[in-house]
Amino acid sequence: MSSAERAVEQGLPYDVFAKACPSRGTLEHVTGRWGGLTLGALHEGSLRFNELRRRVDGVSEKMLSQTLHALERDGLVHREAQPTNPPRVDYELTPLGHEVAGRLLALIHCVEGRMDDVLAARERYDAARGTL
């Protein structure tokens with residue numbers, strides 16, 4: 001048994017820096033490219049699969065499906081299948097998903113708001129290394 005597993009068993013706090021800690025997988029789902037964008041899009045409200053796919057520009061059907069499954073398993077997304085013809089499936093954030101997405105959106109807004117600084121830093125970096 002790893003130290004992370006022992007810590008969990010003993011009721012000690014989770015440690016994302018420990019290789020075996022289950023929080024690491026959830027962090028990966030939340031902060032991965034598609035997970036973060038999916039949570040951000042769903043923070044705006046419930047969406048059907050194809051609406052979500054259009055909102056998260058560039059994600060493939062397969063990757064969005066895998067992302068939604070992982071986020072649903074982690075308790076961040078709720079999937080509601082309606083017994084209609086054709087079937088209608090809506091996705092929305094759970095209360096936990098809203099909390100996580102809100103924090104993630106704060107980071108997204110910070111990055112978006114500082115992109116001029118980021119782009120200037122990239123130019124300086126590239127110019128210093130002659131990689132333009």
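1. Two residues are said to be in contact when they have heavy atoms within 4.5 Å. In this predicted model, that rule applies to helix α3 and helix α5 as follows: Trp-34, Gly-35, Thr-38, Leu-39 and Leu-42 of α3 meet Met-63, Leu-64, Thr-67, Leu-68 and Leu-71 of α5. By class, the residues of this contact are 7 nonpolar and 3 polar, with no charged residues.

2. How are α3 and α5 (residues 61–73) oriented? Their axes lie 10 Å apart, and the helices pack at an angle of about 75°. Angles from 65 to 115 degrees count as roughly perpendicular, and α3 and α5 are therefore roughly perpendicular to each other.

3. Helix α3 (residues 33–42) also packs against helix α2 (residues 22–31), at an angle of about 65° and with the axes 4 Å apart. Because of this angle, α2 is roughly perpendicular to α3. On the α2 side the contact involves His-29, Val-30 and Thr-31, and on the α3 side Arg-33, Gly-35, Gly-36 and Leu-39. These residues divide into 2 nonpolar, 4 polar and 1 charged.

4. A further partner of α3 is helix α6 (residues 95–113); the two axes come within 9 Å and cross at roughly 105°. The angle makes α3 roughly perpendicular to α6. Gly-36, Leu-39 and Gly-40 of α3 make this contact with Val-100, Ala-101, Leu-104 and Leu-105 of α6. The contact of α3 with α6 has 5 nonpolar residues, 2 polar residues and no charged residues.

5. Where does the model place Pro-86? Pro-86 lies in the loop between β2 (77–82) and β3 (88–93). The peptide bond that leads from Asn-85 to Pro-86 is cis, with omega near 0°.

6. A charge does, however, sit over a ring: the charged end of Arg-129 is placed over the ring of Tyr-125, 3.8 Å from its centre.

7. Finally, the confidence of the prediction should be considered. The chain averages a pLDDT of 91, and 90% of the residues score at least 70. Confidence is highest in α5, at a mean of 97, and lowest in helix α1 (residues 3–9), at a mean of 58. Where pLDDT is low, the predicted coordinates should not be read in detail.

Terms used. Residues numbered from 1 in each chain as written. Predicted model: local features only at pLDDT ≥ 70, side-chain atom pairs only at ≥ 80, totals over all residues. Heavy atoms only, no water. Axes fitted to C-alpha atoms, helices over the stretch in contact; angles between N-to-C directions. Helix = DSSP H or I, 4+ residues; strand = E, 2+ residues; numbered from the N terminus. Parallel < 35°, antiparallel > 145°, perpendicular 65-115°, else oblique. Nonpolar A, V, L, I, M, F, W, Y, C, P; charged D, E, K, R; others polar. Lys NZ or Arg CZ within 6 Å of the ring centre and 35° of its normal. pLDDT = per-residue confidence, 0-100.
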